[in-house]
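Welcome, and please bring the structure up in your viewer. We will go from stop to stop, selecting a few residues each time.

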Amino acid sequence: MSRSGADLALLLLGGFRALVDDAQAELARRGFEDVRPVHDFAIRAIAAGADSASELGRRMSVSKQAAAKTIAVLQERGYVGRDIDPDDARRKRLQVTERGFTVLREGEQIFDELRDRWAREIGAEQLAELEARLADLVGPTPVRLDAPGWIATQELAEPDRD
């Protein structure tokens with residue numbers, strides 16, 4: 001029985017959800033029960049230089065208001081803070097805290113552990129082959145780490161019209 005294109009998309013999405021859900025559950029067991037996938041995207045974007053709500057909104061393809069709400073949650077939970085801009089004392093820049101960098105490192109370690117588990121389940125060679133074929137199909141950097149979903153690849157493909 002052959003599968004449809006929709007089946008393939010759902011299998012890929014299911015694999016992504018399985019990894020993300022397992023990683024989130026493991027983060028919770030390790031003391032980070034308040035972290036959601038969107039928080040990871042935001043913390044990574046801030047670490048990469050998104051130092052304001054406007055810039056975070058642009059990088060995450062959300063409104064400035066949505067970015068501000070995410071920032072407020074991350075500040076409340078101790079993952080990001082605001083420091084005075086050395087170039088403009090009137091401005092406060094977003095900074096990732098040590099707790100924020102810790103959760104990023106923990107998450108990366110967990111994803112490595114989950115990859116190892118998949119390698120044990122289907123075989124290391126089969127997993128390497130799957131990864132190689134997916135890289136052939138979607139490219140070596142299919143999604144920017146500081147932006148969710150397809151919007152990031154659209155930003156790379158389409159020039160900024162502002």
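**Stop one: a helix crossing**

In this predicted model, start by selecting residues 53–60, helix 3, and residues 64–76, helix 4: their axes come within 8 Å and cross at roughly 105°. An angle of 65 to 115 degrees counts as roughly perpendicular, so helix 3 is roughly perpendicular to helix 4. Now show the side chains at the contact: A53, S54, L56 and G57 come from helix 3, while K64, A67, A68 and I71 come from helix 4. Coloured by type, these contact residues divide into 5 nonpolar, 2 polar and 1 charged.

**Stop two: a pair within helix 3**

E55 is buried, with a relative accessible area of 19%.

**Stop three: along helix 1**

Next, select R17 and D21, a salt bridge with its closest N and O atoms 2.3 Å apart. Both lie in helix 1 (residues 5–29), 4 residues apart, or about one helical turn. R17 is partly exposed at 37% relative accessibility, and D21 is partly exposed at 36%.

**Stop four: a link across the chain**

Now pick R30 and E106, where the closest N and O atoms of the salt bridge are 2.9 Å apart. This pair joins distant parts of the chain, 76 residues apart: R30 sits in the loop between helix 1 and helix 2, and E106 in helix 5 (residues 98–122). R30 is partly exposed at 27%, as is E106 at 22%.

Key:
Residues are numbered from 1 along each chain as its sequence is written. This is a predicted model: local features need pLDDT of at least 70, side-chain atom pairs count only at pLDDT 80 or more; totals for chains, interfaces and linings use all residues. Side-chain values use heavy atoms; hydrogens and water are left out. Axes are lines fitted to C-alpha atoms, for helices over the stretch in contact, and angles run from 0 to 180 degrees between N-to-C directions. Helices (H or I, at least four residues) and strands (E, at least two) are DSSP runs, numbered from the N terminus. Angles under 35 degrees count as roughly parallel, over 145 as roughly antiparallel, 65 to 115 as roughly perpendicular and the rest as oblique. Contact means heavy atoms within 4.5 Å. Ala, Val, Leu, Ile, Met, Phe, Trp, Tyr, Cys and Pro count as nonpolar, Asp, Glu, Lys and Arg as charged, and the others, Gly among them, as polar. A salt bridge is a side-chain nitrogen of Lys or Arg within 4 Å of a carboxyl oxygen of Asp or Glu. Buried means under 20% relative accessible area, exposed over 50%, partly exposed in between (1.4 Å probe, protein chains only).
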